[in-house]
Amino acid sequence: MYKVINGRDIPVNVMNLQLFAGSANIIDRTGAEALIPEQTSREIIQGVTEQSTVLALGKKLPNMSSNRTVMPVLDMLPVAYFVNGDTGSKKTTKMAWDKKKIYAEEIAVIVPIPEAVLDDADYDIWGEVKPRLVEAFGKVIDAAIFFGTDKPTNWRDGIFDTATDAGAAVTATSNMYKDIMGTGGVIAKIEKSGYMPTGHVADISLRSELRELVDGNNRPLFKTDIQTSTQYSLDGNTMRFPRSGFWDVTKAKMISGDFDQLVYAMRQDITFKLFDQGVVQDPATGDIVYNLMQNDMVAMRAVMRLGWEIPNPINSLETDKTKRCPFAVYAPKADAGA
């Protein structure tokens, strides 16, 4: 049995399959691969890595060979001693490692496409779909890792909760420069834990606040003139202002840290399946959003799997792991949302 899609005879494998709550026939993997070249898949993965804030700043580990990877992390430092005199006894020391686990969890999205669009040979359908896939995957990854939003059960706490629990949070005052750069500021919190910040991620509203910062002579700190674009950086590290909509401004104005201490690994690169029958439901309400047969549509389902961790090994400046954190939060005023 064949179905003509975009001018091609695609083999259809008839089987029972649930697409959310509907019974559906499926174009098998061979058929989907005919529509989506391997190069396109790699381009989408690369796009997610580049446009996801957390993946762009974090450190990529080798791909996972199973759904769980154990990562040894230094948990006890060796200690050296002076020897008392020529015949003094030399003492022994030891090191220890802790085990941290990276769990690969699945991320998926469904892209419904009208068949009429696919039949239009002059229409670059993948040119439209790829940016939306990149945006969807990047947004859900960033929200889960930064703020723990809808995170899988096996994943660790997000960066915001981790930093807050470690006491690495600074609440905004009227002196933003001191809040960030001062002795008890955001950057100092990271340094106290034995790390050096490599990046800063902030809500886009912080741009205007930074533009308003002035020195003692009422001169802007972040602008030299109004003709050139502002280069936003703090203490030599570039700032990012994500616009995908994942940022929770009620929790943080900015999160700074040593992003080399955020590691992630892929278990499964992005894969695709194309459905030509079934229904797509709203997961929150159960309402049917699309009936593929009735609406003359197909639905492309994209799936990837990845995991992440914060190694946070022991260092000489902060040996208490409950207080040691490579990230710090710049939190809004308590009454900011009132």
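**View 1. Aromatic pairs in the predicted model.** The whole structure holds 10 aromatic pairs, a pair being two rings of Phe, Tyr or Trp (its six-membered ring) with centres within 6.5 Å; planes under 30 degrees apart count as stacked, over 60 as edge-to-face and the rest as tilted. One of these pairs joins tyrosine 232 and phenylalanine 241 edge-to-face, at 5.3 Å centre to centre and 75° between the planes. This is a predicted model, in which local features need pLDDT of at least 70 and side-chain atom pairs count only at pLDDT 80 or more, while totals for chains, interfaces and linings use all residues. Residues are numbered from 1 along each chain as its sequence is written, and side-chain values use heavy atoms, with hydrogens and water left out.

**View 2. Surroundings of phenylalanine 241.** Arginine 207 lies over the face of phenylalanine 241, 5.3 Å from the ring centre (criterion: NZ of Lys or CZ of Arg within 6 Å of the ring centre and within 35 degrees of the ring normal). Phenylalanine 241 is buried at 14% relative accessibility, and tyrosine 232 is buried at 7% (buried: under 20% relative accessible area, 1.4 Å probe, protein chains only).

**View 3. A cluster of rings.** Ring pairs connect Phe146, Phe147, Phe160, Phe246, Trp247, Phe259 and Phe327.

**View 4. Strand β14 and its partners.** Strand β14 (residues 254–257) is antiparallel to β11 (residues 199–202), with four bridges, and also to β19 (residues 327–331), again with four bridges (strands: DSSP runs of E, at least two residues, numbered from the N terminus; pairing: at least two DSSP bridges). Methionine 254 is the bridge partner of alanine 202, and isoleucine 255 stands opposite valine 329. Met254 and Ser256 point one way, Ile255 and Gly257 the other, and all are buried.

How values were computed. Buried means under 20% relative accessible area, exposed over 50%, partly exposed in between (1.4 Å probe, protein chains only).
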